[in-house]
Amino acid sequence: MLRCLSHALAAALPLLLASSLAAASPFVFTAIPDEDETRLQERFQKVADYLAEELEVEVRFVPVKSYAAAVTAFRNDQVQLAWFGGLSGVQARERVPGSRALAQGVEDAEFRTYFIAHASTGLEEGAGLVEAMRDMTFTFGSKGSTSGRLMPEHYLREAFGEAPEEVFSRVGFSGNHSRTASLVASGAYQLGALNYTVWENELAAGNLDADSVKVVWQTPTYPDYQWTIRGDVDERFGEGFADRVQQALLDMDASELLESFPRSGFIPVDNADYEIIRQVGQQLDILD
């Protein structure tokens with residue numbers, strides 16, 4: 001009898017140890033670097049503290065250097081949750097079966113891109129995607145950005161019937177939205193495309209001279225940023241953990257947290273809501 005009990009305990013010990021180690025593992029998340037790293041750290045450390053309190057586990061935020069790095073970290077299980085853009089979220093979910101979009105900002109259901117122009121172009125506010133832009137210089141944001149590359153390239157191809165490289169004399173990638181705004185404002189590029197919320201924040205903060213750069217067109221709306229979680233978190237952190245994370249994100253209503261996104265709140269979302277982004281990514285051959 002004692003020998004049977006001893007064998008049973010010996011067999012159960014590895015499972016108990018594995019469970020204990022899983023419980024001790026920190027829950028790690030990241031965010032696409034749509035602004036400079038200092039701002040990202042300030043924004044998301046507050047979110048980490050909030051999630052730790054709500055979920056009663058250790059939560060860590062780790063910054064990444066690029067959109068591609070965010071997707072890679074998610075794929076490699078270096079992070080279990082990420083604040084992605086539309087395109088990077090689709091890329092991440094396709095690489096990690098079972099992963100799911102949990103929540104998007106209220107504003108993300110109808111997001112948009114602003115096309116901006118330096119005053120020296122002579123383009124008027126609201127001019128649209130016009131032939132006068134041809135042979136000017138143009139910068140996107142990050143190569144993996146939904147609002148800074150995917151959707152603006154889609155609409156440029158619709159308007160001109162050609163790839164951006166054939167329309168403009170020079171095409172660049174700034175790396176993030178705030179950098180796009182500063183490059184166009186300085187005249188380093190004549191035209192650029194960026195996330196409308198970053199544009200409005202930069203103006204409000206006094207970082208842009210409204211006389212030197214203006215919005216010449218805005219896209220139709222599309223779904224963009226969202227929180228995506230790996231499909232295996234329940235195995236590591238306990239049954240129902242993904243649902244608890246989703247509820248914590250939906251309950252995030254403190255102004256100091258929401259202002260850091262900036263969003264007015266979060267609403268439920270699922271993978272199917274980003275099908276249009278997946279289709280456009282396939283058309284432009286930039287899902288990989």
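Predicted model: local features only at pLDDT ≥ 70, side-chain atom pairs only at ≥ 80, totals over all residues.

Colleague: How many salt bridges does the structure hold?

Modeller: A salt bridge is a side-chain nitrogen of Lys or Arg within 4 Å of a carboxyl oxygen of Asp or Glu. The structure holds eleven of them. In one, the side chains of Arg236 and Asp77 meet at 2.3 Å, N to O. Arg236 lies in helix 9 (residues 233-237) and Asp77 in the loop between helix 3 (67-75) and strand 3 (81-84), so this pair ties together parts that are 159 residues apart in sequence. Helices (H or I, at least four residues) and strands (E, at least two) are DSSP runs, numbered from the N terminus.

Colleague: Which residues form a salt bridge in which the closest N and O atoms are 2.9 Å apart?

Modeller: Glu153 and Arg157 form that bridge. Being four residues apart in helix 5 (residues 146-160), they are separated by about one helical turn. Glu153 is buried at 4%, whereas Arg157 is partly exposed at 33%. Elsewhere, salt bridges that share partners join Asp77, Arg230, Asp232 and Arg236 into one network.

Colleague: Which residues of helix 10 are buried?

Modeller: In helix 10 (residues 241-250), the buried residues are Phe241, Ala242, Val245, Gln246, Ala248 and Leu249. Seen down the helix axis, they fall within an arc of 160°, so they line one face of the helix. The arc is that of the directions from the helix axis to the C-beta atoms.

Colleague: What is the phi of Glu56, and where is this residue found?

Modeller: Most residues other than glycine have a negative phi. Glu56, however, has a positive phi near 60°, and is found in the loop between helix 2 (37-55) and strand 2 (59-61). With a relative accessibility of 71%, Glu56 is exposed. Asp285 likewise has a positive phi near 60°; its place is in the segment after helix 12 (275-283). Asp285 is exposed, at 65%.

Terms used. Residues numbered from 1 in each chain as written. Heavy atoms only, no water. Buried < 20%, exposed > 50% of the residue type's maximum accessible area, 1.4 Å probe, protein only.
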